[in-house]
Amino acid sequence: MKEIKHFINGQYVGSAGGKRFDNVNPANGQVIAKVHEAGEAEVDAAVKAARAALKGPWGKMTVAERTEILHRVADGITARFDEFLEAECLDTGKPKSLASHIDIPRGAANFKVFADLIRNVPTEAFEMATPDGAGALNYAVRRPKGVIGVISPWNLPLLLMTWKVGPALACGNCVVVKPSEETPSTTALLGEVMNAAGVPAGVYNVVHGFGGDSAGALLTAHPGVDAITFTGETGTGETIMRAAAKGVRQVSLELGGKNAGIVFADCDLDKAIEGTLRSAFANSGQVCLGTERVYVERPIFEEFVARLKAGAEALKIGEPNDPQANFGPLVSLKHREKVLSYYQQARDDGATVVTGGGVPEMPAHLAGGAWVQPTIWTGLPDDSPVVTEEIFGPCCHIRPFDTEEEAIELANSLPYGLASAIWTENASRAHRVAGQIEAGIVWVNSWFLRDLRTAFGGAKQSGIGREGGVHSLEFYTELKNICVKL
Ligand code: NAD
């Protein structure tokens, strides 16, 4: 049986106590590896290795040297593309057709984009007057923040982890990563790429384990961690923020959402259907930016529901290797339990089940997998938990609206504020509505279009801070002002 070990100070090491947990393939329920679970000793060793590396060759490198190495990391991922793809798809069950277009290429791009950005980032300088008339010069320099704790989720494991590690390393920090217990493989594999690219030992460290009472909590509590960047559920974000308060450490939190799509009668319906289908069902609905609430202007409501139903029913459920498949299992049986509890809740709350609502019949060799049907509901009250809580599954509720004001009010009615998608061919309306939606990202006639230079993050309870482009640099560096009396 394959073993997945921690990556500390440039080496793969097991847990001192030998404690391990199962890594399960969600497509068939089979155990694919045993993962070492970090305790205090391993987390402490990883943090210490990172602190030492800050003072070692990494801390002394020029930006040009450092960023050249990060380009080699990106090239290393690309060179081992098939291995990363296989590992990611075994851990998550997602179709290879999806991961080969999004997860793995973005994993590599996250190193190149931020390496290039840091080479060109400006700072500021101010001349000031002094009473003696000689003046003084202020200038700012960016310094790495230190050791960054990176805690990542399971839905886009390589992509979301490197989205933090890429800029953190570009800025000269060292990292200790705690990937999700569900998807440890690509984070582990990246250690080999780091070594081959010439990243000094201790710059990139990985500890495996669970969240609370395990590696996650140990890492966030460790006083040697200078800042914490986290992607995951809002509730976990609150816990991490409390942990970061000890020692007054900065956090960047990318949290949950319950995103609204707003479809106006003047939209291009083909585009709106195609975009909403992707936003509700891509990655089996396990995308933080996905749409679980769809508001459709009444004149096109019936047609929209019928066409989205047809699209959902045309999705091809299958395992990662199936080239036709565009819909995989959920990440785990545990997560399926959660999603199915909402499917039941929808029935209890009187929903009309337009399509799905249960577990699909699968061939015998996949029967142990975490499969659910893509599901669409109508007719739920606005206060049903199915409409107000993040499900993180392949499902959406569609509700009609009559006026622009009503649509905006509905979209803004929840404490979440991550993303939204507006579908209209009326340019004035697009800008007017986008400006009023309480979300970190608003798409108009599109979904999931991402330029890595732009700000990314959530409003309200969907997060704190922005990453992406120069905003990542703000988080991963400390701006120091130097004042020189002339
Ligand atoms: P999660 O919060 O359960 O876990 C995320 C990570 O935090 C895991 O590595 C987990 O082990 C760790 N963790 C859990 N409890 C912890 C604790 N007490 N201390 C330290 N670490 C802890 O989230 P998940 O189920 O892995 O991911 C799904 C969630 O992530 C959804 O809510 C989704 O919306 C959100 N998400 C948000 C974004 C975004 O950019 N805003 C992106 C992807 C996913």
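Student: Is His222 buried or exposed?
Tutor: His222 is buried, with a relative accessible area of 14%. Buried means under 20% relative accessible area, exposed over 50%, and partly exposed in between, with a 1.4 Å probe and protein chains only. This is a predicted model, in which local features need pLDDT of at least 70, side-chain atom pairs count only at pLDDT 80 or more, and totals for chains, interfaces and linings use all residues. Residues are numbered from 1 along each chain as its sequence is written, and side-chain values use heavy atoms, with hydrogens and water left out.

Student: Where is His222 found?
Tutor: His222 is found in the loop between α9 (215-221) and β11 (227-231). Helices (H or I, at least four residues) and strands (E, at least two) are DSSP runs, numbered from the N terminus.

Student: And which residues does His222 touch?
Tutor: Not counting residues up to four places away in sequence, His222 touches Val43, Asp44, Val47 and Arg249. Contact here means heavy atoms within 4.5 Å.

Student: Next, Thr183. Buried or exposed?
Tutor: Thr183 is buried, with a relative accessible area of 1%. Thr183 is found in the loop between β9 (174-178) and α8 (185-197).

Student: What does Thr183 touch?
Tutor: The residues touched by Thr183 are Asp91, Thr92, Pro153, Trp154, Pro157 and Val331, leaving out those up to four places away in sequence.

Student: Let us turn to helices. At what angle do α6 and α17 pack?
Tutor: Helix α6 (residues 103-119) and helix α17 (residues 469-476) pack at about 80°, with their axes 10 Å apart. Axes are lines fitted to C-alpha atoms, for helices over the stretch in contact, and angles run from 0 to 180 degrees between N-to-C directions. The two helices α6 and α17 are therefore roughly perpendicular to each other, a term for angles of 65 to 115 degrees; under 35 counts as roughly parallel, over 145 as roughly antiparallel and the rest as oblique.

Student: Which residues make that contact between α6 and α17?
Tutor: Phe114, Leu117 and Ile118 take part from α6, and Gly469, Val470, Ser472 and Leu473 from α17. The residues of this contact divide into five nonpolar, two polar and no charged. Ala, Val, Leu, Ile, Met, Phe, Trp, Tyr, Cys and Pro count as nonpolar, Asp, Glu, Lys and Arg as charged, and the others, Gly among them, as polar.

Student: Which residues of α17 are buried?
Tutor: In α17, Gly469, Ser472, Leu473, Phe475 and Tyr476 are buried. Seen down the axis of α17, its buried residues fall within an arc of 160°, so they line one face of the helix. The arc is that of the directions from the helix axis to the C-beta atoms.

Student: What does α17 lie across?
Tutor: Helix α17 lies across β7 and β23, and α17 runs at about 75° to β23.

Student: In what order do the strands of that sheet come?
Tutor: The order is β6-β7-β23, an open sheet of three strands with antiparallel pairing. Two strands pair if DSSP finds at least two bridges between them. The edge strands, each pairing on one side only, are β6 (125-128) and β23 (477-485). On average, neighbouring strands of this sheet are turned by 25° against each other, direction ignored.

Student: Over how many bridges do β7 and β23 pair?
Tutor: Strand β7 (residues 136-144) and β23 pair over nine bridges in the antiparallel sense. Val141 stands opposite Lys480 in β23.

Student: New topic: β16. Which of its residues are buried?
Tutor: Strand β16 (residues 375-378) has both faces covered, with Thr375 and Trp377 buried on one side and Ile376 and Thr378 buried on the other. In a regular strand the side chains alternate between the two faces of the sheet.

Student: In what sense does β16 pair with β15, and in what sense with β17?
Tutor: With strand β15 (residues 352-355), β16 pairs in the antiparallel sense over three bridges. With strand β17 (residues 395-401), β16 pairs in the parallel sense over four bridges. Trp377 in β16 is the bridge partner of Val353, and Trp377 also stands opposite His397 in β17.

Student: Last one: what is the phi of Lys460?
Tutor: Lys460 has a positive phi of about 50° although it is not a glycine. Lys460 is placed in strand β21, and Lys460 is partly exposed, with a relative accessible area of 36%.
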